[in-house]
Amino acid sequence: MDVETKNLDIYGDAVLPWSRARDAMVEGLPSAETPVFLGTTRPDGRPHSAGVGMLWLDGELYFTSGPGARKARNLAANPACTVSMRVKGLDLVLEGTASRVEDPVLLERVAERYAAGGWPAESDGVGLTAPYSAPSAGPPPWHVYHFSLDAAFGVATAEPYGATRWTFTGRDR
């Protein structure tokens, strides 16, 4: 993994290692207790933000959306997006792009991981179904999106403190 770091801390704290952010996401995703918000841009340029259930699976990030939801329509027009979350000891903002997952094998693995995290999702080969989802999600199946990480910003909310920007240049995150 190629990670370039920049210390953003104004108090003299050291650069935060990416492993701290990664490990916090592994521990905190998926969880209803971990607030995660997806930021997209409407076709007219106005911003949009919506809560999502983010998933960490094998070093990659995934989330779901109903095909008619504003966030899905925004991503169809412009896949650039942000993900903001509070995980143990860190506030994180991730920048990247989202693309729809259509591989049935990967959809099954994503569904299994969501189910292990408490949401009884199943793959139907096109998306995910479950007895329930967010009230605003629309009817199933819900599309699965892969979030490709380009850069991340972390501000520590617990010791050791610091603020860091990580830029990723390799495929592996």
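Analyst: Arg 46 and Asp 44 are joined by a salt bridge, with N and O 2.8 Å apart; the term denotes a side-chain nitrogen of Lys or Arg within 4 Å of a carboxyl oxygen of Asp or Glu. Of the two partners, Arg 46 is partly exposed at 47% relative accessibility, and Asp 44 is exposed at 53%. Here buried means under 20% relative accessible area, exposed means over 50%, and partly exposed lies in between, with a 1.4 Å probe and protein chains only. The model is predicted: local features need pLDDT of at least 70 and side-chain atom pairs pLDDT 80 or more, while totals for chains, interfaces and linings use all residues. Residues are numbered from 1 along each chain as its sequence is written, and side-chain values use heavy atoms, without hydrogens and water.

Side chains of opposite charge can pair when their charged atoms come close. By the rule above, the count is five salt bridges. Among them is the pair of Asp 23 and Arg 22, whose closest N and O atoms are 3.2 Å apart. Asp 23 is partly exposed, at 42% relative accessibility, and Arg 22 is also partly exposed, at 28%. Another salt bridge links Glu 102 to Arg 100, with the closest N and O atoms 3.8 Å apart. Glu 102 counts as exposed, with a relative accessible area of 55%, whereas Arg 100 is partly exposed at 31%.

In soluble globular proteins, nonpolar side chains tend to be buried together. The largest nonpolar core has 46 residues, of which Met 25, Phe 63, Met 85, Leu 92, Leu 94 and Val 110 touch the most other members; such a core is a set of buried Ala, Val, Leu, Ile, Met, Phe, Trp, Tyr and Cys residues joined through side-chain atoms within 4.5 Å. Strand E10, residues 143-156, gives the most to this core, with six residues. Beyond its neighbours within four places in sequence, Phe 63 is in contact (heavy atoms within 4.5 Å) with residues including Leu 38, Val 52, Leu 75, Tyr 114 and Phe 147.

Over the whole chain there are three helices and 11 strands, both being DSSP runs numbered from the N terminus: helices are H or I of at least four residues, strands are E of at least two. Of the 173 residues, 42% count as buried. Among contacts between residues at least 6 apart in sequence, 60% join residues at least 24 apart.
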